[in-house]
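Have the structure open while you read.

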Amino acid sequence: MPLTSFIKARFARGEYLGLHLTIGFLVSALALWIFLGITEDVLHNDPSTQFDSTLLAWMQAHHGPAADQIFRALSAVGSPLVMIILAVGVAVFLVISKQGLLLEGWLLAFAGGFLLNNVLKNAIHRPRPQAAAGLYQSWSFPSGHAMISLIAYGMLAYFLILLGPRNRRAQVAIVGCATLLILAIGLSRLYLGAHYFSDVVGGYAAGMLWLSACISGLEVTRRWRAT
């Protein structure tokens, strides 16, 4: 039957519109669902957002000199300056390596991520937590650090797996390290009082949506060119 053949093709590894695209679509759909749910809660000041204030107050009450230095350093790893340096450094490597398609995907991921984050912030207009109100010029939701770091380090992990050795343990280690770093950056924004919990989760959801779209697009193009 045509429908059965279509479904089988969507889960076939060898098809350029196969399993990877199906997984990408499911991940994007889940990320969009999470983002829309959190955004609705933020816009309507849903009681669930009261957890934001509770967690923020708990974080502020558990500061310490050593932790302050650690979380400031982690926050810096996700700062716009570091992201720009990372973007340029990886772009230069891809140019030297003559990886034109990956270079296009890398630049699109960054440009689209920064643009999407600014559009969402200006559309939702959520003020920063009181402790950070005078320190930042941008709005609070979604967290730019969480969103852009997920896109940047997620894409970097994808490139390392794609261009690195075909070793399953090494690939798992790459994904694990990237995940831990991304989560640590988000936690640092909570600890420093720069964002609410829902800002960080919303940033992750929006970032995962864009990251999934970028990787899926690259995979489709790579496999289509290989056929």
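What follows is a short tour of one serine and a set of aromatic side chains.

This is a predicted model, so keep that in mind throughout.

- S149 has a relative accessibility of 0%, so it counts as buried, the cut-off being under 20%.
- A polar atom of the S149 side chain lies 3.2 Å from the backbone oxygen of A146.
- Once neighbours within four places in sequence are set aside, S149 is in contact with M83, G144, G154, I182 and I185.

**Aromatic pairs**

- The structure has 7 aromatic pairs.
- One of them is W106 with F159, a tilted pair at 5.7 Å centre to centre with 45° between the planes.
- Because W106 belongs to helix α6 (residues 100-124) and F159 to helix α7, this pair ties together parts that are 53 residues apart in sequence.
- W106 is buried at a relative accessible area of 0%, and F159 counts as buried too, at 3% relative accessibility.
- F159 also forms a tilted pair with Y158, at 5.6 Å centre to centre and 45° between the planes.
- Y158 is buried, as is F159.

Conventions. Residues numbered from 1 in each chain as written. Predicted model: local features only at pLDDT ≥ 70, side-chain atom pairs only at ≥ 80, totals over all residues. Heavy atoms only, no water. Buried < 20%, exposed > 50% of the residue type's maximum accessible area, 1.4 Å probe, protein only. Polar contact = N/O pair within 3.5 Å; in protein donor to acceptor, adjacent residues only side chain to side chain. Contact = heavy atoms within 4.5 Å. Phe/Tyr/Trp six-rings, centres within 6.5 Å; stacked < 30°, edge-to-face > 60°. Helix = DSSP H or I, 4+ residues; strand = E, 2+ residues; numbered from the N terminus.
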